[in-house]
Amino acid sequence: MTARKYLLLFALAVPGSVFALTQPDISAIGDFRGYTGNWIDSTDAKTSRNGNFNMRFEELEVVLSGYLNPFAKAQIVISTPGDGLEIEEAYATIFKGLPLKTEVRIGQFLVDFGKLNLSHAHAYPFVDRPVVHRVLFGLDGFKDQGVSMNCVLPTRFYSKLSFNVLKGSVVGEDEAVEDPLDGRYTHAPILTSRLNGFWSLSTKADMDIGVSGFIGRYKGRGAYGTGDAELGYRNLYARMAALDGKCKIRPNDYSSLTLQGELILNSRDLFTDVFEKRSNWGAFAFVDYRFRKRYNIGFAVDRAPGIYDNGDGDYEQNIPVERSNTATAAFDDKNATKSFALFTGYSLLEETTLFRLTARWTSFNISDSSRLVDGSVESKRGEFTLSAQMIFSLGPHKPHEF
Amino acid sequence: MKTIFRFALLMAIALAGSAQSKVSIVASSTDLASIATYVGGDLIEVQSIGQGKSNLHFVEVLPSYMMKVARADIYLKVGLALDAWAQGVIDGARNDKLLVVDCSTGIEVLGKPTGKVDASMGDLHPDGNPHYWLDPRNGKVIANNICNALITVDPVHKADYQSRLAAFETLLDSKWNEWQEKTAAFRGAEVITYHSSFAYLANAFGFSVAGFIEPKPGIEPTAEHNNELIQLIKGKHISMILRDPYYSARAPESIARESGAVVYVAPSSVGGTPSAKDYISLFDSLVDILVRGAK
């Protein structure tokens, strides 16, 4: 019997009223983009996309959410990046009834490392995810499978402490591989934590400050993760710490000024010929002014470790993939990518139909070309990208606020 | 032994303190908070998340609101999908003991759409017009809902709450007669309002709303719609445009200039204007506007 028949039988068996009551909220969010710019490859030639007006349906997100019972709710976000279909988030949250007002989330979810990562990219006031997030977390941000616990601390202001035990996909392979030497798995669960405080500075201004920590073993004991016993035994770790801040000022119901930023310190163990510990940092900040409720304008600055290769693959960092298992730029402690963006947006009614325009200037600072695959490259010309975005949302799920 | 004695003393002080502590109420709107004050008096502490000069449809859920609700005994919701954001605050507060009261219970709801409701109709409330507190008769229904909640949470003071409720109802009855007398000349008049906020007020005081500045609920005014309104106002000799304090003055003023009508900033909630200090003076202010409009 096919799945459809089972579903039909189930629908017939369940009384209509009960079925209607237990249906989750269903929403769909579409993200369509047009973009152009100048992109130069490592031979200083224009890439095939240079100067063209490119269009792409970036993503469709289908969101199912609702209460499971009076104590728990669940959310499933299925997205279609490119041609594929993937589960972006799928988790249940027990938000009531646990001791010390603890909230527990289980499943796959965006991790509360920093503040911006918790929001889906369509909720940002600008078009693209900050480069530093793309380099350190991947194109979809920091999402992982595991268990998250948080509790509101008994302080006079709102403060929350969270602790996550995660599978570790952000630094390791999707599936842990058994080490041939000692039978242990090549990467272990990672641990992250975040402490944040929220203060109302006045009836018209709020501030949120958070610190996050991360430690994860991405290669197990098997001889620097290589499986070669002669090289010795050592675990390879990734460590990150972040400081984030957000201040929002609302002079009235129709306008607001948001200042938000994040600093991420990153340290990765690496074994190529010798054991190394490479440290680097990235940061972003933006100012977003919303006026007449439906318009916004602002600018963003961004700094990421390594040379962010815009998908052309000419500036990959000189880290063998089997040693890093993550974006290689995350291991680059010498070079950097910087960008400045101007953005504006307009929403037709609430957030159901959004138009955004972002102009981004990206510069590349190559101070040590030995970190790159092509060691002869001494510089990379800056890039300019103009992106237009149209987002539509159908159903109750809208971009999140604060 | 001394330690045990000190501990017992501390416990006794703590228990005595809790016995005298006030019932903590958080309300979605200043109107519900004001009515709660009439019913609860000095036995309660009440805070409002929504402010009188803010649009209750759009309240940003902030952690500081969750903190308030985390310590509260009762949450007063407007309901009818006006303060849908309140659920986020309530869930975020993680308060297992919180009693959530939907104050729209027992209200005779106006403007309940028939048939399918979708976004092509604008930001239409599927359960009907949620601005029900703007009929003073509904103030009694709200007060009864709040009184029942207070008795549930604090049964010791049942008689106090019931006597305060009776006093509030008596006050409303006497003010009702006064307001009706003052607005008699306005009965049968037509007005333009920005949003459908004043449907219950119109129902209570016998005037009608001929049109809205918003072409559809929640949709910003358009030039074409403004022109239609100007013709409507001229054709029907409408003299009054009511604007909630939080809506832009631009379109109403422009329409008023072209049509000869007068724009009045009408508080749709307690605190919306300086004179609307509580639920009773909210209606004093509104009645004053209607009286001025009748001249």
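Helix axes are taken here as lines fitted to C-alpha atoms over the stretch in contact, and the angle between two axes runs from 0 to 180 degrees between N-to-C directions. The structure is a predicted model, and the geometry reported below was computed from its atoms.

In chain B, helix α6 (residues 158–182) packs with helix α10 (residues 279–294). The angle between the two helices is about 10°, and their axes are 10 Å apart. An angle under 35 degrees counts as roughly parallel, and α6(B) and α10(B) are therefore roughly parallel to each other. On the side of α6(B), the contact is made by B:L171, B:K175, B:W179 and B:K182. On the side of α10(B), the residues are B:I280, B:F283, B:V287 and B:V291. Six residues of this contact are nonpolar and two are charged, while no polar residue takes part.

Chain B contains ten helices and eight strands. Its 295 residues include 47% that count as buried. The C-alpha atoms of this chain fill a box of roughly 90 × 40 × 35 Å along the principal axes. Of the contacts in chain B with a separation of 6 or more, 61% are accounted for by residues 24 or more positions apart.

The domain assignment divides chain B into domain 1, covering residues 20–178, and domain 2, covering residues 183–294. The C-alpha centres of domain 1 and domain 2 of chain B are separated by 24 Å. The contact between these domains takes 28 residues from domain 1 of chain B and 25 residues from domain 2 of chain B. On the side of domain 1 that touches domain 2, at least two residues each come from α2 (30–40), α5 (136–153) and α6 of chain B. Helix α2(B) gives the most to this side of domain 1, with five residues. By residue class, the side of domain 1 of chain B that touches domain 2 has nine nonpolar, 13 polar and six charged residues.

Strands of a sheet pair through backbone hydrogen bonds, and the pairing is either parallel or antiparallel. In chain B, four strands form an open sheet in the order β6-β5-β7-β8, with parallel pairing. Strands β6 (208–212) and β8 (262–265) of chain B are the edge strands, and each of them pairs on one side only. On average, neighbouring strands of this sheet are turned by 35° against each other, direction ignored. Within the sheet, strand β5 of chain B (residues 190–193) pairs with β6(B) in the parallel sense over four bridges. One residue pair can be named here: B:E190 has B:S208 in β6(B) as its bridge partner.

Chain A has five helices and 16 strands. Of its 402 residues, 36% are buried. Where contacts in chain A join residues at least 6 apart in sequence, 58% of them are between residues at least 24 apart.

The two chains touch each other through 17 residues from chain B and 15 residues from chain A. On the side of chain B that touches chain A, helix α3 (residues 63–70) of chain B gives the most, with five residues. That side of chain B comprises nine nonpolar, four polar and four charged residues.

Methods:
Residues numbered from 1 in each chain as written. Chains lettered and ligands numbered in written order. Predicted model: local features only at pLDDT ≥ 70, side-chain atom pairs only at ≥ 80, totals over all residues. Contact = placed C-beta atoms within 7 Å. Nonpolar A, V, L, I, M, F, W, Y, C, P; charged D, E, K, R; others polar. Pairing = 2+ DSSP bridges. Parallel < 35°, antiparallel > 145°, perpendicular 65-115°, else oblique. Buried ≥ 20, exposed ≤ 12 C-beta atoms within 10 Å, placed from the backbone. Domains from an automatic or database assignment.
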